[in-house]
Amino acid sequence: MNIKWSMLAVSVALSFTAAAQDDVVRIVKTYEPTISDARKPDFRPNIDDTSSVQASFNYQVVPYQFTTGFHPDAIKPAKLLPEVVHPHYGSYVKLGFGSNISPLIDVRLNGKLKKDWYWGVTASHLSAFSPFTKNEKEYYPHIQENLFKVDARHYMKQFVFSASSALEIYGTPYYGFDFEDTAALAIAEDSLLRQRYILNENKFSLKSRSQVASRAKNNFLLEHYSLWDKFDTQEHEIALEWELEHEIKNNPIEVEAGLSYLAHRSLVDTSDNFLFELKPRFIREKEEWKFTLGLDFFTSINPERNAEFYINPNVEFEFAMAEDILHSYVGLDGGFEEGKLKNLAKENPFVQLQAPMPGTHTPLRVFAGFRGIFSENLKYYAEAAYKQVKSQPFYYSLMNASGAYIFDVVYDSADAFQARAEVLYAFNEKITAGINARYDLYFSLSNEAEAWLIPPYTASLFFKYNLQHKIEIGTDFQVLGKRNAKFVDGSGLVTSTVLPEAFDWNLDIEYRYNKKVSAFLQFENLLGNKYYLYTYYPTDGFRVYGGVIYSF
């Protein structure tokens, strides 16, 4: 109680003292009370320790090597597109002249029209006046080959477009006389029958450039040709082909389809034929083997005959036994090929046909072979096959009204065994040599006694030498086996003979003066044998050609 009264008395005394000192109070600003920062107490303990611990440890690596395996996943090899590099490499002019009055002209011009467009022009001429004697009189039948061709190619992003048109004129007289027949009637030079063919071929193609495996590749081809001969025989064909390449789950699938129309016109017969073909292929391949399974469907329709349907298997298995050293394969297939005057006239220029030609059907062909590369210098290939064939064409001689023999065609069914082999060896960059051989044996013919004019064997040995890219020398030696020949004389008598073996040796020499100018010499039939490829048609003896080549 005393403390409270004492504090009250002090407060009153101080208030009177302040009032006595100054009666005026001045207010500067409104009173603003503040709270000062509080200090929080720190309750963390402080530890003072004089001892310290230092960490240390020892280690070592055990000297043991673990075995690891490396198994790369197999991938398919990349496919190089042939359209990437166009064929127009350069232009040249080749001029020459040979024995038997044989002029030679060969011109090739290439160029670039504009971006991604390339063009080419080819013109060539070869003729000869090979002499022969008939009734103590010499004749010089004119043999000629002429070609004029234009082509173009356009590279697009996804496709390559190609187009070409060619005009070819070739022919020969029918000079196949029996030179040993002294009783033959004398003939005049202008009475020799001459055959001449005019062939016009046109092609248009569109090929895919895609390199993506999962993307389908489509190729299209449109072909047309017309053929005329001197005896009012005509042949016309137009064909459309389509090719598909695709992959489904890394398994390739290929499909080929085609539709063609072939018309044959002559003085004795007229025919029209439609052909449809379909060839699907299913392919399965691994690193060491490849298996192909397919079927070939052919339908031949002729309004004057019943439609013909053919189905052929197409099976092939290929196995790499020792990487590139030995690849073996085995399979079976078949096929159908239309009978065309164009093909027969190219093979035998002395043929004269007016009747339509049936197609050749191969119901079955069984084959096996192997190929490989022993080293960078040695390559080899061999194959053997057995086949059954129907309507196989064989040539036989038929005497015409002028007393000369021409060739007609007879068709027959047969079995055949065929074998082929080839070996190529490069001694070094300068010297290359090789040999190839073929064996053909036809048996079990239905109607004919022999496979007329089919040689049982042919072989060729060749050799090339390049001396510092200045002089190139090439030579080849060819052997043609004996052939059975059938001929029918003017009275209809059918006889046969055997043509002897034929040997031919040729030699080519080219000297390059510089990159633009070179000279060449060609020696043909160095043995001088006038052998017979066809009955009563002897080949020329020794021939030589020479000339120059200018490249730009």
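**Figure 1. Aspartate 296 in strand β13 of the predicted model.** Aspartate 296 belongs to strand β13, which spans residues 289-301; strands are DSSP runs of E with at least two residues, helices are runs of H or I with at least four, and both are numbered from the N terminus. This is a predicted model, in which local features need pLDDT of at least 70 and side-chain atom pairs count only at pLDDT 80 or more, whereas totals for chains, interfaces and linings use all residues. Residues are numbered from 1 along each chain as its sequence is written, and side-chain values use heavy atoms, with hydrogens and water left out. With a relative accessible area of 3%, aspartate 296 is buried (buried means under 20% relative accessible area, exposed over 50%, and partly exposed in between, with a 1.4 Å probe and protein chains only). Its side chain makes a polar contact of 2.8 Å with the side chain of arginine 281. A polar contact is a pair of N or O atoms within 3.5 Å; within protein, one must be able to donate a hydrogen and the other to accept it, and residues adjacent in sequence count only if both atoms are side-chain atoms. Beyond its neighbours within four places in sequence, aspartate 296 is in contact (heavy atoms within 4.5 Å) with residues including Leu278, Lys279, Tyr310 and Gly334.

Figure 2. Glycine 96 is part of strand β1, residues 92-98, and is buried at a relative accessible area of 15%. Apart from neighbours within four places in sequence, glycine 96 is in contact with Ser102, Pro103, Leu104, Phe520, Gly546 and Gly547. The charged end of lysine 94 sits over the ring of phenylalanine 520, 4.6 Å from its centre; this requires NZ of Lys or CZ of Arg within 6 Å of the ring centre and within 35 degrees of the ring normal.

**Figure 3. The largest nonpolar core.** This core has 25 residues, of which Val351 and Phe407 touch the most other members. Two or more residues each come from β8 (194-208), β9 (217-229), α2 (341-347) and β18 (405-426). A nonpolar core is a set of buried Ala, Val, Leu, Ile, Met, Phe, Trp, Tyr and Cys residues joined through side-chain atoms within 4.5 Å. A second, separate core of 11 residues includes Tyr396, Val410, Ala414 and Trp452. Lysine 486 lies over the face of tyrosine 396, at 5.1 Å from the ring centre.

Figure 4. The structure holds 22 aromatic pairs, defined for rings of Phe, Tyr and Trp (its six-membered ring) with centres within 6.5 Å; planes under 30 degrees apart count as stacked, over 60 as edge-to-face and the rest as tilted. Phenylalanine 407 and tyrosine 537 form a tilted pair, 5.9 Å centre to centre with 40 degrees between the planes. The pair links distant parts of the chain, since phenylalanine 407 lies in strand β18 and tyrosine 537 in strand β27 (residues 537-538), 130 residues apart. Phenylalanine 407 is buried at 0% relative accessibility, and tyrosine 537 is buried at 2% relative accessible area.
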